[in-house]
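Look at the sequence and the model below.

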Amino acid sequence: MDEPEEPITEAERASLAWRTATVVGVVLAITISVFIVIYAASGFLLIFAGILFAVFLDALTTALERVLPVHRAIRLTLVCLVTAAAFAAFLGSVGTVAVGQTPDLLATLEEELRELQRMVREFGAVDENGNEPAADENDSDGGWSDWLPDPAGLFGQVRVAFEMTFGVLGNMAVVVVLGVFIAAQPPLYRDGLVKLVSPRSRRRFGQVLDEIGTTLRFWLIGQFVTMTIIGLVVWGALAAVGLPGAILLGLTAGILNFVPIIGPILAGIPIVLVAMAQDWWIVFYAVGVYLFIQFLEGNILTPLIQRRAVNLPPALIIGAIVIMGLLFGLPGIILATPFAAVVMVAVKRLYIEDVLNDWG
């Protein structure tokens, strides 16, 4: 005979209800988190960009204390004024020249893209027997030229981007204001985050926040120095052979270097295209300059300048760029590397060392 089932006790019923409520709560929390990340992405990115700018200001303010031991508010004010003056001087000199070169450079790039499309079409005009290949029904152009971007559409998007300048300036204003407020009182915001965890974990969490701040400081300052050096080298090397738009190409190379791996590759494309409009020896010269810049960055600048920042493996950088790009678009790609550095430090200290007890 089957034994009668034992009735469920009140304690077991309460335990089951608690586990069910916990699972539902976790699922609900994950759902809300995903919803917030997707629909409030721009806000999170602006906050993170503001934190990066605050780290930059804090680094300069702290360094200024060695030569000017006055109150922090005075040093921060001086740093903000000097930064604003340097930015205004840059816009008034290099920026003005770069803007003046932009139409000619875009026209040259558009012309070279059309020439590439024509060459590809001619290359696929006849098969090995001298006959015209049959066009694919799904191929509107019947050739490999469809793999190349449409010049009118490509640079039409660039012009649309220029029309969005006011929106970008608005976001920059938010980042600047947020960065200044955070840099004015870093302990206030740091201690506020520490109080969000349990009292027994606050000391360790504070140490991790300090390490994240140090990592971002050295990465950001090092990246700024690297971008400046690369921009100047590209500008000087291209201007030496009279390449049109040299200052704009150098500026582009320096700015795109903020995004590792992908940025330098994108910076090399317009350099080669503009060189193709001149002469073939200039093309080889431009490629040589590009390869030299990559060697200079990868073997000298980055190891020397970024030696105190976190060492991110290339695969991790690419993965972060892909994920952040899919979630947040172009702003996510720009901020992917520093975000990955923050995540790497947090995972290493709070999970690998504290949870797994792996201190190797």
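In which helix does Leu266 lie? Leu266 is part of helix H9. The model is a predicted one, and the values that follow are computed from it. Leu266 has a relative accessible area of 44%. Buried residues are under 20% and exposed ones over 50%, so Leu266, at 44%, counts as partly exposed.

Leu266 also belongs to a nonpolar patch on the surface. Two elements, H9 and helix H11 (314-328), each give two or more residues to the patch. The largest share, 5 residues, comes from H11.

Now take the chain as a whole. What does its secondary structure come to? There are 13 helices and 0 strands. Read from the N terminus, the order of elements is therefore α-α-α-α-α-α-α-α-α-α-α-α-α. The chain has 360 residues, and 29% of them are buried. Its accessible surface is about 23,000 Å², with 70% of that belonging to carbon and sulfur atoms. Consider next the contacts between residues at least 6 apart in sequence: 69% of these join residues at least 24 apart.

The aromatic rings give examples of links between separate parts of the sequence. How many aromatic pairs does a search of the whole structure find? The search finds 4. One of them is formed by Phe48 and Phe339, with 5.7 Å from centre to centre and 80° between the planes, and this pair is edge-to-face. Phe48 sits in helix H2 (residues 41-64) and Phe339 in helix H13 (residues 336-353), so the pair links distant parts of the chain, 291 residues apart. The two partners can be compared by their relative accessible area. Phe48 has 12% and is buried, whereas Phe339 has 35% and is partly exposed.

Trp219 and Phe258 form another pair: their ring centres are 5.3 Å apart. Why is this pair called edge-to-face? Its planes meet at 75°, and planes over 60 degrees apart count as edge-to-face. Trp219 lies in helix H7 (residues 202-239), while Phe258 lies in the loop between helix H8 (246-256) and helix H9 (262-276). The pair therefore ties together parts that are 39 residues apart in sequence. Both Trp219 and Phe258 are buried.

Finally, Phe53, Phe56 and Phe224 form one aromatic cluster.

Key: Residues are numbered from 1 along each chain as its sequence is written. This is a predicted model: local features need pLDDT of at least 70, side-chain atom pairs count only at pLDDT 80 or more; totals for chains, interfaces and linings use all residues. Side-chain values use heavy atoms; hydrogens and water are left out. Rings of Phe, Tyr and Trp (its six-membered ring) pair if their centres lie within 6.5 Å; planes under 30 degrees apart count as stacked, over 60 as edge-to-face and the rest as tilted. Helices (H or I, at least four residues) and strands (E, at least two) are DSSP runs, numbered from the N terminus. Buried means under 20% relative accessible area, exposed over 50%, partly exposed in between (1.4 Å probe, protein chains only). Contact means heavy atoms within 4.5 Å. Accessible areas come from the Shrake-Rupley method with a 1.4 Å probe; for residues, only the protein chains shown count as cover. Patches are made of residues with over 30% relative accessible area and no salt bridge: like charges are joined within 9 Å, nonpolar side chains (Val, Leu, Ile, Met, Phe, Trp, Tyr) within 5 Å. A salt bridge is a side-chain nitrogen of Lys or Arg within 4 Å of a carboxyl oxygen of Asp or Glu.
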